[in-house]
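User: I am new to this structure and would like to learn how to read it. Please take me through a few features, one at a time.

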Amino acid sequence: MMQAMIFAAGLGTRLKPLTDVMPKALVKVGGKPLIEHVVMRLRDAGFDRIVVNVHHFAGMITDYLERNANFGTDIRISDETAMLLDTGGGIKQAATLFDADKPILIHNVDILSNVNTAEFYGAGMANDATLLVSDRNTKRYLLFNNDMTLVGWTNVETGEVRSPHAGLDVSRCRKYAFSGIHVFSPRLFPLMETFPEKFGIMDFYLKVCDKVKIKGIVKDNLKIMDVGKLDTLSDAEEFLACCDTGRNAGNP
């Protein structure tokens, strides 16, 4: 069994005015809603349980999934209509919906990529968390030591550094950009008990990375598109066709 979580609760403000009348998850690319693209890719990769969190136009998402018989998968809904919980809080609330003995692939609903999710999931099983990263230019980098253990984060423009390791020498760290796709072990749920109801998952990782095994995996040929902006929608169909050509092929 493999299990995943799709973050579909966001307000989708960057996709206004489309998201004034529908959730981001139902915005169409290539004639199909984003959530269908992600669910089908996960299903075809072998994921048989998928948790979807909902908030903005929650009923539209649940109705769509029900009308399509959950696309033949075991889909469970984590309802955040009372309050949007952010990425960490969303995972924490959904804890009881997962098999406690299996890791969880975390995937944003507005991310399209050429990632072999099954291989990445398998590669992450030995860790408490595994982050898919790439060597691309950005202002914000995750920091790793030589064996790709997470040790911190930095904003190279402002010089800000966040790390539980006092006196971390950023110049000696390996810097990679986060893709937004990661594998989370249920072993981490007890460490979330002291966190508030709403918090970001990266805030959590950066506070506990000195206590647990959080690793990065580099995908050098990573092709990824954040479809969370209006100006990316027109390019997304071509991107999907490109990714489908090499779908689930090669290394994670």
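Analyst: Start with burial: a residue is buried under 20% relative accessible area, exposed over 50%, and partly exposed in between (1.4 Å probe, protein chains only). This is a predicted model, in which local features need pLDDT of at least 70 and side-chain atom pairs count only at pLDDT 80 or more, while totals for chains, interfaces and linings use all residues. Residues are numbered from 1 along each chain as its sequence is written, and side-chain values use heavy atoms, with hydrogens and water left out.

User: Is Cys173 buried or exposed?

Analyst: Cys173 is buried, because its relative accessibility is 12%. Cys209 is buried too, at 4%.

User: How many disulfides are found in the whole structure?

Analyst: A disulfide is a pair of cysteine sulfur atoms within 2.5 Å. The search finds 0 of them. The cysteine sulfur closest to that of Cys173 belongs to Cys209 and is 10 Å away, so it is too far for a bond.

User: Why do the buried residues of H2 line one face of the helix?

Analyst: Helices (H or I, at least four residues) and strands (E, at least two) are DSSP runs, numbered from the N terminus. An α-helix has 3.6 residues a turn, so residues three or four places apart point the same way. In helix H2 (residues 58-67), the buried residues are Ala58, Ile61, Thr62, Tyr64 and Leu65. They line one face because, seen down the axis of H2, they fall within an arc of 160°; the arc is that of the directions from the helix axis to the C-beta atoms. Glu66 and Arg67 are exposed on the other side of H2. Just after H2, Ala69 has a positive phi of about 50°.

User: What covers the buried residues of H2?

Analyst: Here contact means heavy atoms within 4.5 Å. The cover includes strand S3 (32-33), helix H1 (34-44), strand S4 (49-54) and strand S5 (74-79).

User: Where is Ser113 found, and what does its side chain reach?

Analyst: A polar contact is a pair of N or O atoms within 3.5 Å; within protein, one must be able to donate a hydrogen and the other to accept it, and residues adjacent in sequence count only if both atoms are side-chain atoms. Ser113 is in strand S7 (residues 111-113), and its side chain reaches the backbone nitrogen of Val115 at 3.2 Å. Ser113 is buried, with a relative accessible area of 7%.
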